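Please examine the structure shown below.

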Amino acid sequence: VILAKHGTMASLSSVDLSSLVESVADREKLDHLSELYSLIIVVDQLEKAYVSDAIPAEEYTPLCSKFIGQYKMLQGILHFTNEDVIRFMREYKLECRAAANRLLTTGVPATTEHAAVDGSKLRDKKHIFETVQFFITAMDSIRLGMVACDQLHPLLADLMTALNKVDLPPEYDGKARVAKWLQILNGMHAKDELNPDQTRELNFDLDTAFQALHNALS
């Protein structure tokens, strides 16, 4: 038994452990790349299903939000920028424009990006109150120095959802301003922070959109 143990130790000592570690890491990366490949295809199919009314908004929204979250996780694990994902899609001939738009550009479900056209979109006190609160929360967070991507993105996504519930005139450009920053943040890593110039510009856009909301509803 003792000789067998010594023999095992000898055989292990002859193995290049660094190459073993590298092969495990390569295997994990390959698994994550496979997951990214599958996720892009699934999101593309989901987007097409929603556009063709094959799936209702109440089912589409949580699914899309879940897939966007998984995409962000894979992006972080692989240390991929959006440009890396674009190169990955080109290399593996992934013609998934709808998925690219949802994951790389907007970073929020279509129901958040655009107002749902139905009878529930009312100009009532509840929706207006919620929108005002989301504006205040976002602007206060920026003033408190919360300028990291993973801090700002959910706040602006909530604000966009709230704005879409309020009946606003066509000339109101507040939603376009918020959408612009959602796209900017979606192109950043979770830990990335806005620089001082960006922070000032975002604060200006939110303040302008907030004042325009007040004017539109007064």
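A search of the whole structure, which is a predicted model, finds one cavity of 30 Å³ or more. On a 1 Å grid over the protein atoms alone, a cavity is a set of points where a 1.4 Å probe fits but cannot get out; points are joined across faces, edges and corners, and the volume is the space filled by probe spheres set on them. The largest cavity holds about 50 Å³ of space.

Its lining (residues with an atom within 4 Å of a point) consists of T106, V108, E113, M160, A179, L182 and Q183. Four of these residues are nonpolar, two polar and one charged, where Ala, Val, Leu, Ile, Met, Phe, Trp, Tyr, Cys and Pro count as nonpolar, Asp, Glu, Lys and Arg as charged, and the others, Gly among them, as polar. Helix α9 (residues 174–186) gives the most to this lining, with three residues; helices are DSSP runs of H or I, at least four residues long, numbered from the N terminus.

How do the axes of α8 and α9 cross, and at what angle? The axes of helix α8 (residues 149–163) and α9 come within 10 Å and cross at roughly 150°, each axis being a line fitted to C-alpha atoms over the stretch in contact, with angles running from 0 to 180 degrees between N-to-C directions. The two helices are therefore roughly antiparallel to each other, a term for angles over 145 degrees.

In contact (heavy atoms within 4.5 Å), C149, L152, H153, L156, A157, L159, M160 and L163 of α8 meet K175, V178, A179, W181, L182, L185 and N186 of α9. By class, this contact has twelve nonpolar, two polar and one charged residues.

Residues are numbered from 1 along each chain as its sequence is written. Local features need pLDDT of at least 70 and side-chain atom pairs count only at pLDDT 80 or more, while totals for chains, interfaces and linings use all residues, and side-chain values use heavy atoms, with hydrogens and water left out.

How values were computed: 1 Å grid on protein atoms, 1.4 Å probe; cavity = no way out; pocket = protein on both sides within 12 Å on 5 of 7 lines; lining within 4 Å. Parallel < 35°, antiparallel > 145°, perpendicular 65-115°, else oblique.
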